[in-house]
Amino acid sequence: MLEVINGSTGRNHATEVKMEKFVLSRAFDSGFSLPLVVKDLRTALDLAHATGTPMSRRTSRAGRGPSS
């Protein structure tokens, strides 16, 4: 599947460099910490809210973190 993605317009840095090494290997140790993921998700949710872009309830709940 990865060969198909990389042979099409879906190819990008993540699929070429990171997907096999960190995701398909199930290592998940690329160095991008969970707090940074949460920060980016909150930024995306804030932007979606500010622009009136609809988001799924699941995505909205994920941005609030585990205490919600």
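Student: How many salt bridges does a search of the whole structure find?

Tutor: The search finds two salt bridges. Keep in mind that this is a predicted model, in which local features need pLDDT of at least 70 and side-chain atom pairs count only at pLDDT 80 or more, while totals for chains, interfaces and linings use all residues. Residues are numbered from 1 along each chain as its sequence is written, and side-chain values use heavy atoms, with hydrogens and water left out.

Student: Why are Arg11, Lys39 and Asp40 called partly exposed?

Tutor: Buried means under 20% relative accessible area, exposed over 50%, and partly exposed in between (1.4 Å probe, protein chains only). Arg11 has 48%, Lys39 has 45% and Asp40 has 36%, so each counts as partly exposed.

Student: What are the elements of the protein chain, from the N terminus on?

Tutor: They run α-α-α-α, with four helices and zero strands. Helices (H or I, at least four residues) and strands (E, at least two) are DSSP runs, numbered from the N terminus.

Student: How do you know that the span of α3 agrees with what a helix should have?

Tutor: The expected span is 1.5 Å times one less than the number of residues. For the 18 residues of α3 that gives 26 Å, and the end C-alpha atoms are 26 Å apart, so the two agree. After α3 comes Gly52, whose phi is positive, near 75°.

Student: Which residues make the nonpolar surface patch?

Tutor: Phe32, Leu34, Leu36 and Val37 make a patch of about 380 Å². Patches are made of residues with over 30% relative accessible area and no salt bridge; like charges are joined within 9 Å, and nonpolar side chains (Val, Leu, Ile, Met, Phe, Trp, Tyr) within 5 Å. Val37 sits in helix α3 (residues 34-51), and its 39% relative accessibility makes it partly exposed.

Student: Is Thr15 buried or exposed?

Tutor: Thr15, in helix α2, has a relative accessible area of 8%, so it is buried.

Student: What makes the meeting of Thr15 and Asn6 a polar contact?

Tutor: A polar contact is a pair of N or O atoms within 3.5 Å; within protein, one must be able to donate a hydrogen and the other to accept it, and residues adjacent in sequence count only if both atoms are side-chain atoms. The side chains of Thr15 and Asn6 are in such a contact at 2.5 Å. The Thr15 side chain also reaches the backbone nitrogen of Asn12 at 3.0 Å. In turn, a side-chain oxygen of Asn12 comes within 2.8 Å of the backbone nitrogen of Ala14, at the start of α2.

Student: What does the side chain of Ser25 reach?

Tutor: Ser25 lies in the loop between α2 (13-24) and α3. Its side chain reaches the backbone nitrogen of Ala27 at 3.3 Å, and a polar atom of that side chain lies 2.5 Å from the backbone oxygen of Lys21.

Student: Why does the phi of Arg26 stand out?

Tutor: Most residues other than glycine have a negative phi. Arg26 has a positive one, near 65°, and Phe28 has one of about 50° although it is not a glycine. Both are in the loop between α2 and α3. With 63%, Arg26 is exposed, and Phe28 at 53% counts as exposed too.

Student: Which helix has the lowest mean pLDDT?

Tutor: Helix α4 (residues 57-64) has the lowest, at 71, and helix α1 (residues 2-6) the highest, at 92. pLDDT is the predictor's confidence in each residue, from 0 to 100. For the protein chain the mean is 86, and 90% of residues reach 70 or more.

Methods
Accessible areas come from the Shrake-Rupley method with a 1.4 Å probe; for residues, only the protein chains shown count as cover. A salt bridge is a side-chain nitrogen of Lys or Arg within 4 Å of a carboxyl oxygen of Asp or Glu.
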